[in-house]
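Dear colleague,

Here is the structure I promised to pass on to you. Please have a look at it first, and then read my notes on what was found in it.

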Amino acid sequence: MRDTGALAQSCLGPDVRRWNRPARLTVESAREKINRWRGRWQSEDAAIWAVALEGGEVLGLIGLAGLDLPGGQGEFLYWLLPAGRGGGLMVEATIQVSRWALEDLGLHRLRIVHSVANTASCRTAGRAGLRLEGTMREAFLHADGWHDEHLHARVQGDDWPS
């Protein structure tokens, strides 16, 4: 599986490690993690995909976790390896997953939560049409301590980015 190498590599990247809490993964443990994600898909708890250019190498991950189908909600998770950053790839992936979740799956609300210090995630959320709703104080424990977190959301009926 080409996804396993990218997943294992991501857990070594300083930016991914700074904004997330990934365990260090071997290719084998990455394969096991992907298999657990498949189980979460089958139980309708999460939907997670690799991000790649057409026919290209895996450059990142995007998904909706904490899916609440009866309650109509889900929370984005995403990251990109350095080779995928800066070209709008994650903005486009976030829009595509949003359309699927809202239009096909029928969810009502999607959210993204990120450290206020993570300006790249803030730009991605905004460009993908998720509105900044506020700041949650000391909401996530990162390696360097508690961070305030921005909350962005898109609800059914919001305009799509042009």
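Buried residues, meaning those under 20% relative accessible area with a 1.4 Å probe and protein chains only, make up 43% of the 162 residues in the protein chain. Please keep in mind that this is a predicted model, in which local features need pLDDT of at least 70 and side-chain atom pairs count only at pLDDT 80 or more, whereas totals for chains, interfaces and linings use all residues. Residues are numbered from 1 along each chain as its sequence is written, and side-chain values use heavy atoms, with hydrogens and water left out.

The protein chain has five helices and six strands, which are DSSP runs numbered from the N terminus (helices: H or I, at least four residues; strands: E, at least two). Along the sequence they follow the pattern α-α-α-β-β-β-α-β-α-β-β.

An open sheet of six strands has the order β1-β2-β3-β4-β6-β5, with mixed pairing, where two strands pair if DSSP finds at least two bridges between them. Its edge strands are β1 (47–52) and β5 (131–142), each of which pairs on one side only. β1 and β2 (residues 58–68) run antiparallel and are joined by six bridges; Ala50, for instance, has Leu61 in β2 as its bridge partner.

Helix α4 (residues 89–104) lies across β1, β2, β3 (73–80), β4 (109–115) and β6 (145–155), running at about 30 degrees to β2. Such angles run from 0 to 180 degrees between N-to-C directions, with axes fitted as lines to C-alpha atoms, for helices over the stretch in contact. Helix α5 (residues 119–127) also packs on the sheet, touching β3, β4 and β6, where contact means heavy atoms within 4.5 Å. Thr124 belongs to helix α5 and counts as buried because its relative accessibility is 13%; leaving aside residues up to four places away in sequence, Thr124 touches Tyr78, Met90, Val91 and Thr94.

A nonpolar core is a set of buried Ala, Val, Leu, Ile, Met, Phe, Trp, Tyr and Cys residues joined through side-chain atoms within 4.5 Å. The largest one holds 23 residues, of which Ile62, Leu64 and Phe76 touch the most other members. The elements giving two or more residues to this core are β1, β2, β3, α4 and β4, and the largest share, eight residues, comes from α4. A second, separate core of six residues includes Trp37, Ile48, Leu61 and Trp79.

With best wishes

How values were computed:
Buried means under 20% relative accessible area, exposed over 50%, partly exposed in between (1.4 Å probe, protein chains only).
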